[in-house]
Amino acid sequence: MARANENYLKLKAGYLFPEIGRRINEFATANPDAKVIRLGIGDVTRPLSPTVLKAFHAAVDDLGSSENFHGYGPEQGYGFLIDTIIEKSYKPLGVEMKPSEVFISDGSKCDCANILDIFDLSNKVAICDPVYPVYNDTNVMVGRTGQADEKGYYEGIVYLPCTEENGFTPELPNQKVDIIYLCYPNNPTGTVATKDELKKWVDYALANDAVIFFDAAYEAFITEDNIPHSIYEIEGAKRCAIEFRSFSKTAGFTGVRCALTVVPEEVMGKTGAGEPVSFNKLWNRRQSTKFNGVSYPVQRAAAAVYSDEGWKETREIIDYYMENARIIREGLSAAGITCYGGVNSPYIWLKSPEGSSWDFFDKLLQECHVVGTPGSGFGPSGEGYFRLSAFGDRENIETAVSRIKEKWGK
Ligand code: MLT
């Protein structure tokens, strides 16, 4: 028999969101008439913008004519999309970028897992706690860790607690690390980092020859001025940071699939013998070998997000979700529930009004027929917290808030 990768056996039984799905199915089978409102996984509910849809259709039609047919595209993504992203999304921030530094992909979840291919296992990794579980679990899968302790912390990973006391803003690691995962606006706590806070991390990375993996999947949800949308707004970041961005939440592409990863040419690593190595070249090599690019119609649809009409419509959808976030945050806060996030992020991080995170999950499902995500599913420091997603439809959001207020409001 072939030998299995035993690192997988170190993982907790199931990935968080499928476990939530399992509990919902169990409840729905036992209560077929209950109208369950799902504010758990951050999955969008609004349809694609009409302009994006039109471009998508037109590109599908292209495939039906011999003149406009497209077969394999560039593994790194089509120039038309890369140039649009640089021009419309980075230039307005004052960030210059070369097309060879932007890689189009089918998702940030895959990219932030796959990026580990080009980093040696000896690297010390720091991740926040609570955190998007993919960062933690993929490091376990590749074999960078030992077993988890009784709290759920894996041996070999440096955890950076994000708690109410530190405003959910992690302290710099108290030991030297080589890779740091940061996600802003943050999933799951919904908090943001100011330029000064990000500068602290960039300075640390430059001083310690570390690389920052910056997950900016939620940057389009920032509503306040002076909050950085990209880590490259911080001086020096192009020498030490890889950035992940996604069309999933920004433009409703969770099912369509399109994202991008920026690997600046200046981000360098070294071999065991101390020779410099370009991570941009390694990532390009990795993608060319293991990936065949995102489909042509999807990339045309993604480019249309940045057309004048496409962006106007996309912005309206983002505003709709952020109004949902306001309704949740203000509604629950007024009822005496402590809430964080929801101002520059589609996630509201609330203090469980009753019991542990999973106790509250079960009570909320059983008694209010509302689904959220237990904070402890994002890491031990998430215990006692709960995440609600603002990606639902308005009526469901209002109903969920009023059911929670009725049950737990003071
Ligand atoms: C979440 O709910 O945290 C996200 O939807 C997960 C993801 O983007 O993969």
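Mentor: Start with overall size. The protein has 410 residues, so a compact globule would have a radius of gyration near 22 Å; the protein has 21 Å, which agrees. That radius is taken over C-alpha atoms, and the globule rule is 2.2 Å times the number of residues to the power 0.38.

Trainee: What box do the C-alpha atoms fill?

Mentor: Roughly 60 × 55 × 55 Å, along the principal axes. Remember that this is a predicted model: local features need pLDDT of at least 70, side-chain atom pairs count only at pLDDT 80 or more, and totals for chains, interfaces and linings use all residues. Residues are numbered from 1 along each chain as its sequence is written, and side-chain values use heavy atoms, without hydrogens and water.

Trainee: How many of the residues count as buried?

Mentor: 54% of the 410. Buried means under 20% relative accessible area (1.4 Å probe, protein chains only).

Trainee: And how many helices and strands?

Mentor: 12 helices and 15 strands. Both are DSSP runs, numbered from the N terminus: helices are H or I with at least four residues, strands are E with at least two.

Trainee: Which strands form the open sheet?

Mentor: Four of them, in the order 11-12-15-14, with antiparallel pairing. Strand 11 (339-341) and strand 14 (373-374) are the edges, each pairing on one side only. Two strands pair if DSSP finds at least two bridges between them.

Trainee: How many bridges join strand 14 and strand 15?

Mentor: 2 bridges, in the antiparallel sense; strand 15 covers residues 385-389. Thr373 has Arg387 in strand 15 as its bridge partner.

How values were computed
Buried < 20%, exposed > 50% of the residue type's maximum accessible area, 1.4 Å probe, protein only.
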